[in-house]
Amino acid sequence: MTFHRLSGASGRRGFLMGSALGATAALASLSSLAHAAAGVSSPPPRRMPVIFIGHGSPMNALADNGFTRRLAAWGGELPRPSAILSVSAHWLSRGATGVGVQERPKTIHDFGGFPQALFDIQYPAPGHPLLAREAAGAITQTRVIETPQWGLDHGTWTVLRHLYPKADIPVFQLSIDYDRPAAFHHAVGRDLAALREKGVLVMGSGNVVHNLRATDRGTPDGPAASRPWAQSFDDAVKAALAGRDDRALVAYEKLPGAETAVATPDHYFPFLYALGAAGAGERAKTVYEGFQSGTLSMRCIQFG
């Protein structure tokens, strides 16, 4: 399997490329057997909520602010999961969906131009190959490829560092097939709902408003956006969530401000996985709302 780094307005990401994906199946099987032989114990499964986190800048990993303090409190409010399945805006694939089956996923510092202290952070959570394989099997929308070649990127570890600072809960990631439309990602989220019964916390990590070319750096964190288009789109998402109008949220391009607020959908798609994994009757609870850098929506949501 080959991974490529791409740079651009939405940052660096790994892409799974072509038929080389199939080469990891044997490695994944061996990893799963090793996990079973190790006798890894976990708490009795209970149905878990689904969460979406607006992760913002990687610097939130080091920050003590209203957003990170709310994450820390939230981690104490959530029931303890048997594992966390993270769908991050920073693992995109093309033509396939990948799932991480590492015993010990590496901490990926997929960014540049930040202080050394950020690169020094490690989040040494274990993986969970068995549940990762179950996630792959639960998805009916597409074939899922098991791979040991990714890890935990900053869309995952920068927020889990505050939610679960001990890094003692197994974590694995699912990639986003960037060639697929919004409805596909919502449908994969629906498939993932079955894992909730096994104690898996399904987590989407992105930002519902994310356009790095149109941020206002230096703007203090606050409850309102610095630009009307960002506020309009965030308000429209909030209103649609209140009524669980999933159709409107999947057809996000029609919401006010969408053209600028979701200039590229990489950070919006993780929200659709969380939305899909939530039952149609489950209320969306706002855990945090506000903006960083003027236009980055930090909206965090819990279902169930």
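At 46% relative accessibility, glutamate 77 is partly exposed, a label given to residues between the limits for buried (under 20% relative accessible area) and exposed (over 50%), with a 1.4 Å probe and protein chains only. Its side chain meets that of arginine 70 in a salt bridge with an N to O distance of 3.1 Å. The term salt bridge is used here for a side-chain nitrogen of Lys or Arg within 4 Å of a carboxyl oxygen of Asp or Glu. The model that holds this pair is predicted, so local features need pLDDT of at least 70 and side-chain atom pairs count only at pLDDT 80 or more, while totals for chains, interfaces and linings use all residues. Residues are numbered from 1 along each chain as its sequence is written, and side-chain values use heavy atoms, with hydrogens and water left out.

The chain contains 10 helices and 14 strands, taken as DSSP runs numbered from the N terminus (helices: H or I, at least four residues; strands: E, at least two). Of its 304 residues, 58% are buried.

Side chains of opposite charge can pair when their charged atoms come close. The whole structure has 15 salt bridges. In one of them, arginine 47 and glutamate 197 meet through their side chains at 2.8 Å, N to O. This pair links distant parts of the chain, 150 residues apart: arginine 47 sits in the loop between α1 (25-37) and β3 (50-54), and glutamate 197 in the loop between α6 (182-192) and β10 (200-206). Both partners are partly exposed, arginine 47 with a relative accessible area of 42% and glutamate 197 at 46%. They also belong to a network of salt bridges that links Arg47, Arg196, Glu197 and Glu282.

Another salt bridge joins glutamate 146 to arginine 133, with the closest N and O atoms 3.4 Å apart. Glutamate 146 is part of strand β7 (residues 144-147) and arginine 133 part of helix α4 (residues 129-138), so the pair ties together parts that are 13 residues apart in sequence. Here glutamate 146 is buried, with a relative accessible area of 15%, whereas arginine 133 is partly exposed at 30%.

Aspartate 153 is found in the loop between β8 (151-152) and α5 (154-163). This residue is buried, with a relative accessible area of 0%. Its side chain makes polar contacts with the side chains of serine 88, at 2.6 Å, and tryptophan 150, at 3.2 Å. A polar contact is a pair of N or O atoms within 3.5 Å; within protein, one must be able to donate a hydrogen and the other to accept it, and residues adjacent in sequence count only if both atoms are side-chain atoms. Apart from neighbours within four places in sequence, aspartate 153 is in contact with Ser88, His90, Trp91, Ile108, Asp110 and Gln173.

Glutamine 292 lies in strand β12 (residues 291-292) and is buried, at 8% relative accessibility. When neighbours within four places are left aside, glutamine 292 touches Ser57, Asn60, Asn65, Phe67, Asp221 and Met298.

Aromatic rings complete the picture. The structure holds 10 aromatic pairs; rings of Phe, Tyr and Trp (its six-membered ring) pair if their centres lie within 6.5 Å, and planes under 30 degrees apart count as stacked, over 60 as edge-to-face and the rest as tilted. The rings of phenylalanine 111 and phenylalanine 119 have centres 5.0 Å apart and planes at 65 degrees, so this pair is edge-to-face. Phenylalanine 111 is buried, with a relative accessible area of 8%, while phenylalanine 119 is partly exposed, at 24%. Tyrosine 268 and phenylalanine 271 also form an edge-to-face pair, 5.4 Å centre to centre with 65 degrees between the planes, and both residues are buried. These two rings are part of a cluster in which ring pairs link Phe52, Phe233, Tyr252, Tyr268 and Phe271.

How values were computed:
Contact = heavy atoms within 4.5 Å.
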